[in-house]
Amino acid sequence: MSQQHVRVERFGSVERITLARPEKRNAQNKAMLEGLDAGLKRADVDDEVRVVILAADGSCFSAGHDNKELGDDYLQRPTIERYQFEDRYYLEIAMGIRNHSKPVIVQAQGACIAGGFMLAAMADILVASEDAYFADPTVLLGSAAVEVLFHPWALGDRLARDILFTGRKLTAEEAYQRGFVTRLVARDQLEAAAMEIAETIGKAPPFAMQMMKRSLNRNLDSQGYSVMMSAHFDTHQLVHTASKSTASAAERLANFKNIVAGD
């Protein structure tokens with residue numbers, strides 16, 4: 001099954017959803033996100049599906065949200081319009097991965113930047129190739145991280161501050177050592193490694209697996225995870241509004257390039 005910029009395949013009890021816009025480094029435009037959301041929702045209610053793999057074509061997992069599609073005037077639009085758009089396409093879909101009733105495995109290669117980093121972080125299990133790296137440089141662009149502040153939960157508070165304040169890349173090896181990446185493999189083994197894990201999960205009693213995931217999510221929610229995600233989303237929107245009045249998109253990009261020159 002295919003939708004624009006997304007390919008959905010079934011392998012027994014495994015459903016694989018692939019971001020299929022490699023010529024744009026899988027930048028997440030509206031059509032891609034709608035296709036991803038539709039695939040996730042179908043898998044959620046299909047009793048034949050026991051586990052989902054989220055993959056990507058090409059050299060990288062995702063370069064993030066498609067800012068070119070949003071347009072240079074995006075921050076000049078009414079706050080309510082931006083809020084509703086990002087709530088629907090960024091926050092809701094990312095949290096839909098995290099709250100999916102079935103385990104979700106992300107297989108990531110190459111660049112996982114900003115919105116790509118965010119999708120990868122929502123996985124239950126993250127399999128990464130050795131050439132993968134993760135980065136959220138949005139603070140340097142005048143935002144308050146991406147829409148979901150997963151960073152301190154997934155990486156620890158100190159490392160989260162390091163990568164967010166500096167915009168530096170987190171290599172797959174460092175991410176593996178920190179427990180963010182759960183399996184680290186050679187690039188040519190990535191697809192097979194993700195499928196092997198998925199097939200193992202698919203053999204387990206589905207209700208037990210779903211209840212186990214629910215308990216693990218509730219463990220984090222009891223510590224404030226979901227409340228913090230909603231609170232940060234509002235903070236993210238506030239900083240959008242502040243950026244609207246302080247610098248143009250071109251000025252923010254120029255400042256970012258000046259900060260990270262040579263990286």
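Q: Helices (H or I, at least four residues) and strands (E, at least two) are DSSP runs numbered from the N terminus; by that naming, which element gives the largest share of the lining of the largest cavity?
A: In this predicted model, where local features need pLDDT of at least 70, side-chain atom pairs count only at pLDDT 80 or more, and totals for chains, interfaces and linings use all residues, that element is H9, with 3 residues. Residues are numbered from 1 along each chain as its sequence is written, and side-chain values use heavy atoms, with hydrogens and water left out.

Q: What makes a space a cavity and not a pocket, and how many cavities of 30 Å³ or more are there?
A: On a 1 Å grid over the protein atoms alone, a cavity is a set of points where a 1.4 Å probe fits but cannot get out, whereas a pocket is an open set with protein on both sides within 12 Å along at least five of seven lines. By this rule there is 1 cavity of 30 Å³ or more, and the volume of the largest cavity is about 40 Å³, where volume is the space filled by probe spheres set on grid points joined across faces, edges and corners. Residues with an atom within 4 Å of a point form a lining, and those of the largest cavity include Val-49, Arg-50, Lys-102, Met-209 and Gln-210.

Q: How do the residues lining the second largest pocket divide into nonpolar, polar and charged?
A: Ala, Val, Leu, Ile, Met, Phe, Trp, Tyr, Cys and Pro count as nonpolar, Asp, Glu, Lys and Arg as charged, and the others, Gly among them, as polar; on that basis the lining holds 17 nonpolar, 3 polar and 3 charged residues. This pocket holds about 580 Å³ of space, and of its 23 lining residues, Ala-121, Met-122, Ala-123, Asp-124 and Leu-220 lie nearest its centre. H9 gives the largest share here, 6 residues.

Q: What makes a set of residues a nonpolar core, and how many residues has the largest one?
A: Such a core consists of buried Ala, Val, Leu, Ile, Met, Phe, Trp, Tyr and Cys residues joined through side-chain atoms within 4.5 Å, and the largest has 62 residues, with Phe-61, Met-122, Phe-134, Val-148 and Phe-180 making the most contacts inside it. Helix H3 (79-98) gives the most to this core, 8 residues. Contact meaning heavy atoms within 4.5 Å, Met-122 touches Ala-94, Val-148 and Tyr-225, among others, when neighbours within four places in sequence are left aside.

Q: How does the reach of helix H8 compare with the span expected at 1.5 Å a residue?
A: The expected span is 1.5 Å times one less than the number of residues; H8 (190-202), with 13 residues, reaches 18 Å from its first C-alpha to its last, close to the expected 18 Å. Its buried residues include Leu-190, Met-195, Ile-197 and Gly-202.

Key. Buried < 20%, exposed > 50% of the residue type's maximum accessible area, 1.4 Å probe, protein only.
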